[in-house]
Amino acid sequence: MKKLLLIFLLSPMFIFSQDVIMLKNGDELTVKITDVSDNAIKYKKLDFLEGGDFNVKTSEIFLIKFSN
């Protein structure tokens with residue numbers, strides 16, 4: 001029961017600790033951004049944070065909403 005309560009209390013931190021990349025074609029990516037450069041943004045998918053980085057060119061990005 002205590003573990004369930006702890007998970008319930010910590011879950012809002014995981015929900016709100018995400019970045020959103022809005023692309024020019026209308027797609028929205030809910031991700032965790034790991035690196036920002038002049039040419040590309042590197043990110044990890046939220047459902048697979050232990051996996052590899054993905055890239056998107058800055059010329060394809062319309063807007064970035066950071067979690068903080």
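Here is a tour that starts with the whole chain and then moves in to single residues.

**Stop 1: the whole chain**

Keep in mind that you are looking at a predicted model. Going from the N terminus, the elements come in the order α-β-β-β-β-β. The protein chain has 68 residues, and 19% of them count as buried. Of the contacts between residues at least 6 apart in sequence, 32% join residues at least 24 apart.

**Stop 2**

As background, strands of a sheet pair through backbone hydrogen bonds, either parallel or antiparallel.

**Stop 3: strand β1**

Select residues 19-23, which are strand β1. How many of its 5 residues are buried? The count is 5 of 5, so to speak a strand that is mostly covered. Show the side chains: Asp19, Ile21 and Leu23 point one way, while Val20 and Met22 point the other way, and all are buried.

- Select residues 28-36 for β2, which pairs with β1 in the antiparallel sense over 4 bridges. Look for isoleucine 21, whose bridge partner in β2 is leucine 29.
- Stay with this hairpin for a moment: 4 residues lie between the strands β1 and β2, and glycine 26 takes a positive phi near 100°.
- Select residues 61-65 for β5, which runs antiparallel to β1 and is joined to it by 4 bridges. Here methionine 22 is opposite leucine 63, and leucine 23 is opposite isoleucine 61.

**Stop 4**

In soluble globular proteins, nonpolar side chains tend to be buried together.

Pick out isoleucine 41 and show what surrounds it. Leaving aside residues up to four places away in sequence, isoleucine 41 touches several residues, including Ile21, Ile33, Val56 and Ile61. Its contacts also include Asp35, Asn55 and Thr58.

**Stop 5: the ring pair**

A search of the whole structure turns up 1 aromatic pair. Select tyrosine 43 and phenylalanine 54: their ring centres are 5.8 Å apart and their planes are at 25°, so this pair is stacked. Tyrosine 43 belongs to strand β3 (residues 40-45) and phenylalanine 54 to strand β4 (residues 54-57), so the pair, 11 residues apart, links distant parts of the chain.

Phenylalanine 54, at 34%, counts as partly exposed.

Before you leave, select lysine 45. Lysine 45 lies over the face of phenylalanine 54, at 4.5 Å from the ring centre.

Conventions. Residues are numbered from 1 along each chain as its sequence is written. This is a predicted model: local features need pLDDT of at least 70, side-chain atom pairs count only at pLDDT 80 or more; totals for chains, interfaces and linings use all residues. Side-chain values use heavy atoms; hydrogens and water are left out. Rings of Phe, Tyr and Trp (its six-membered ring) pair if their centres lie within 6.5 Å; planes under 30 degrees apart count as stacked, over 60 as edge-to-face and the rest as tilted. Helices (H or I, at least four residues) and strands (E, at least two) are DSSP runs, numbered from the N terminus. Buried means under 20% relative accessible area, exposed over 50%, partly exposed in between (1.4 Å probe, protein chains only). A charge sits over a ring if NZ of Lys or CZ of Arg is within 6 Å of the ring centre and within 35 degrees of the ring normal. Two strands pair if DSSP finds at least two bridges between them. Contact means heavy atoms within 4.5 Å.
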